Amino acid sequence: MTPRKLISAAKSWPADATPVKLGTAINRRSFLKTASVAGATLALGSWSWPRPAAAGTAAAPAPPPSWVDKPMRWAQLTLVEDDPGKFDPQFWLDYFKRTRSDAVCLSAGGCVAYYPTKVPFHHRSAWLGERDVFGELVAGCRKLGMVVIARTDPHATYDDVQAAHPDWIAADAAGKPRRHWASPEMWVTCALGPYNFEFMTEVKKEIMSRYKVDAIFINRWDGSGMCFCEHCRRTFRQAAGYELPHTSNPQDPARRAYILWSQQRLFDLWRLWDAEVRKLNPDSCVIPNTGGGATSSLDMQRIGELAPTLIADRQARRGLTVPWANGKNGKEFRATMGRKPIVGIFSVGVEEPYRWKDSVQSEAEIRLWVADGVANGLRPWFTKFSGVLHDERWLKPVEEIYQRYARWEKYLRNERPLARVGLVYSQQTAWFHGSRAEDHTLGWYQALIEARLPFEMVHDRLLDAAHLGPFKSLILPNIAALSESQCAQLRAFVERGGGLIATFETSLYDQWGVKRNEFGLADLFGVTFKGGTDGPMQNSYLRLETDPVTDRRHPLLAGLEDAQRIINGVRRVQVEPTLPLTHSPLTLIPSYPDLPMEKVYPRGSKSEVPQVYLRESGTGRVVYFPWDIDRTFWEVLAVDHFKLLRNAVTWVTNEEPPVTVTGPGVLDVTAWQQKTSLTVHLVNLTNPMMMKGPVRELIPVGPQEVRVCLPEGMRPKKVRLLAVEKSLRVERSGRYLRVSVPSILDHEVVAVDF
Ligand SMILES: [Zn+2]
């Protein structure tokens, strides 16, 4: 699919999903109006999803600045207030050059101004004197030919601001102004009122008019928790007809309205800032630091429409975060950004709740984190706080990483991923259904990594034929909240020959998280909902069945030939088949006591309750697991569950994968096409600490046999390994190439030029 198609298709939002009745308080109102500066009005008598422009005007997103696709390696220097006069700007300019960084984000203003600002209440660094530190750095970076963007951060301010404009300060639930949690001499600002809409607009205009930077990056712009200030109370009441909610229950009408209203305010703010900076420099934009996966609070579909480029801010692990988390972020952003450049921030430090901002991480961990992002389409962006370095150990590894990616640049300018499997994520499920939806996704993510299957993530509001075009199969990891029209889109996908896997409560709720009497996808699953859910189940199992007609086991059970039973999940939805079943490969062995040990024996006769439903519908295939196989896998990581997950994907996809990689270890495998080449990335996650983020050393793994299916009409000229810089002997048969990769340390790329 062309990028143009992706972008235009992104605008279509299922028709039946637009209006929602939010309760009588709203329905009685003849119209709703937000009190935003942009003056956006919302739909009559009902709420719609946040819109990037005033309702009724189909304002096209502003054109992308001409530079956005150029940078491949970003640097960020976030100054601290006492840097001016202390740090050496030339040191950083030299480092940017050595790392071959082609874009940079530099601290300009907001919390602290690093230039002689004239905006009232814009706090100059107390160490600035008559200098213009920001301006000096901008000039130096320009000389290096870099794209230069200015960093602003509006989330905290000072006593003089609070005294003069008490209404600019965020208020807690009791209405009290909030001190800053980490710097208690400061105040937290309100994101949705005049501090951002007026004051920060002036700051951005000043920076843009003085320095003509390529963009303004806005950190922490969307509020620090809910604000109960006078502006938020009044504008919400005017817009929604409710007082600000004191509950987090999304089924509370005020809460639900708040989820939508706060997003609308932020999109209005974004549009305002973007329009104002473009008036001063038409080839610029603002880049709000925003976005993510299902649990992200701002609508990714709208973000994907508005942003010409975005920065995926997952800087490092927290606690035991697995090392593929950075790549996941790339996939989540790409689901709505399409081919637009996505940049992945990595910090070089230990990212923990304890915020050791001046720390330096192990080299192995930095390398692996960045590698997984790059393999998943992210352009790297290193971030360092403080111009004065307290620990220099990161400098050399990052320099080496960047030089490597500079050498590989041609092969990192991806046109499209070759993945045929899509893993759906759903913000509406996270917002309105709640639950632990993400744990189901994480289970699938881990299983797909272990299965070495290239896959993409898919946003649940982009299920139209154009967006699903590249995919042969889709996975719905407990996507509980789905609208009728989303269900219709999924049905159409299967009718076109697609494969579909769904788990647990998928489609049992509508798009607003309201429970249905029947699955929205009951017909596809071939089941009916019996009204209840069992669990948590202790000591429950699944019997592996042989087809009584063919006397064979279904391919879903491949690799489990010697098993008679395996462990069950933890929760199951009660369902009954609506279509005749010859047999189900898995049947329920209900819970029985797990203590005292003398009582641990199965009760009753053999159950015939199926725990998987398989259907073929034309050329389409459907697998429905009525239990939480994916969530349980994420919790327990039982290999038997992994095999079922992998086999289900293989069976529903029902075609040769674009890439197969055979050999020892755990690899993240991704495959891409560029203008004149194709690449297979192999990121070596094999490590005694693989399921824990902390990595001490890189352990080479190999050999790996890589089999690649060439896109139609492509004739390979040469095949190389980019990391070890070697040409490869190739076996070719039909459209398939086979090469052997002797060993992978952290990140190897098989590059096929044509
Ligand atoms: Zn407020």
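The exercises below work through selected features of the structure shown above.

This is a predicted model, in which local features need pLDDT of at least 70 and side-chain atom pairs count only at pLDDT 80 or more, while totals for chains, interfaces and linings use all residues. Residues are numbered from 1 along each chain as its sequence is written, and side-chain values use heavy atoms, with hydrogens and water left out.

**Exercise 1. Backbone exceptions**

Task: State what kind of peptide bond joins G535 to P536 and L595 to P596, and place each proline.

Solution:
- Step 1. Most peptide bonds are trans, and most residues other than glycine have a negative phi.
- Step 2. Between G535 and P536 the bond is cis, with omega near 0 degrees. P536 belongs to the loop between β16 (527-534) and β17 (541-544). Helices (H or I, at least four residues) and strands (E, at least two) are DSSP runs, numbered from the N terminus.
- Step 3. The bond joining L595 and P596 is also cis, and its omega is about -15 degrees. P596 sits in the loop between β20 (586-589) and β21 (613-617).

**Exercise 2. Positive phi**

Task: Give the phi of N478 and of S507, then decide whether each residue is buried or exposed.

Solution:
- Step 1. N478 is not a glycine, yet its phi is positive, about 50 degrees. The loop between β14 (473-476) and α17 (484-495) holds N478.
- Step 2. For S507, likewise a residue other than glycine, phi is near 70 degrees. S507 is in the loop between β15 (499-503) and α18 (522-525).
- Step 3. Apply the cut-offs: buried means under 20% relative accessible area, exposed over 50%, and partly exposed in between (1.4 Å probe, protein chains only). N478 is buried at 2%. S507 is buried at 0%.

**Exercise 3. Two helix pairs**

Task: Describe how α7 packs on α8 and how α15 crosses α20.

Solution:
- Step 1. Axes are lines fitted to C-alpha atoms, for helices over the stretch in contact, and angles run from 0 to 180 degrees between N-to-C directions.
- Step 2. Helices α7 (residues 230-240) and α8 (residues 253-280) pack at about 110 degrees, their axes 11 Å apart. This makes α7 roughly perpendicular to α8. The classes are roughly parallel under 35 degrees, roughly antiparallel over 145, roughly perpendicular from 65 to 115, and oblique for the rest.
- Step 3. From α7, the contact (heavy atoms within 4.5 Å) uses C232, T235, F236, A239 and A240; from α8 it uses A254, A257, Y258, W261 and R265. These residues divide into eight nonpolar, one polar and one charged. Ala, Val, Leu, Ile, Met, Phe, Trp, Tyr, Cys and Pro count as nonpolar, Asp, Glu, Lys and Arg as charged, and the others, Gly among them, as polar.
- Step 4. The axes of α15 (residues 437-450) and α20 (residues 639-653) come within 9 Å and cross at roughly 75 degrees. Helix α15 is therefore roughly perpendicular to α20.
- Step 5. On the α15 side are G443, W444, A447, L448 and E450, which meet F642, L645 and V649 of α20. The contact of α15 with α20 has six nonpolar residues, one polar and one charged.

**Exercise 4. Aromatic rings**

Task: Classify the ring pair of F382 and W394, and name the aromatic cluster that holds F382 and W394.

Solution:
- Step 1. Rings of Phe, Tyr and Trp (its six-membered ring) pair if their centres lie within 6.5 Å; planes under 30 degrees apart count as stacked, over 60 as edge-to-face and the rest as tilted. The count by this rule is 40 aromatic pairs.
- Step 2. The centres of F382 and W394 are 5.5 Å apart and the planes are at 50 degrees, so the pair is tilted.
- Step 3. F382 is in strand β10 (residues 379-385) and W394 in the loop between β10 and α12 (395-407), so the pair ties together parts 12 residues apart in sequence.
- Step 4. F382 is buried at 0% relative accessible area, and W394 is buried at 0%.
- Step 5. The cluster consists of F91, W92, Y95, F96, F346, F382, W394 and Y402.

**Exercise 5. Charges over rings**

Task: Which ring lies under the charged end of K204, and which under R603?

Solution:
- Step 1. A charge sits over a ring if NZ of Lys or CZ of Arg is within 6 Å of the ring centre and within 35 degrees of the ring normal.
- Step 2. K204 has its charged end over the ring of W273, 4.0 Å from the centre.
- Step 3. R603 lies over the face of Y601, at 3.8 Å from the ring centre.
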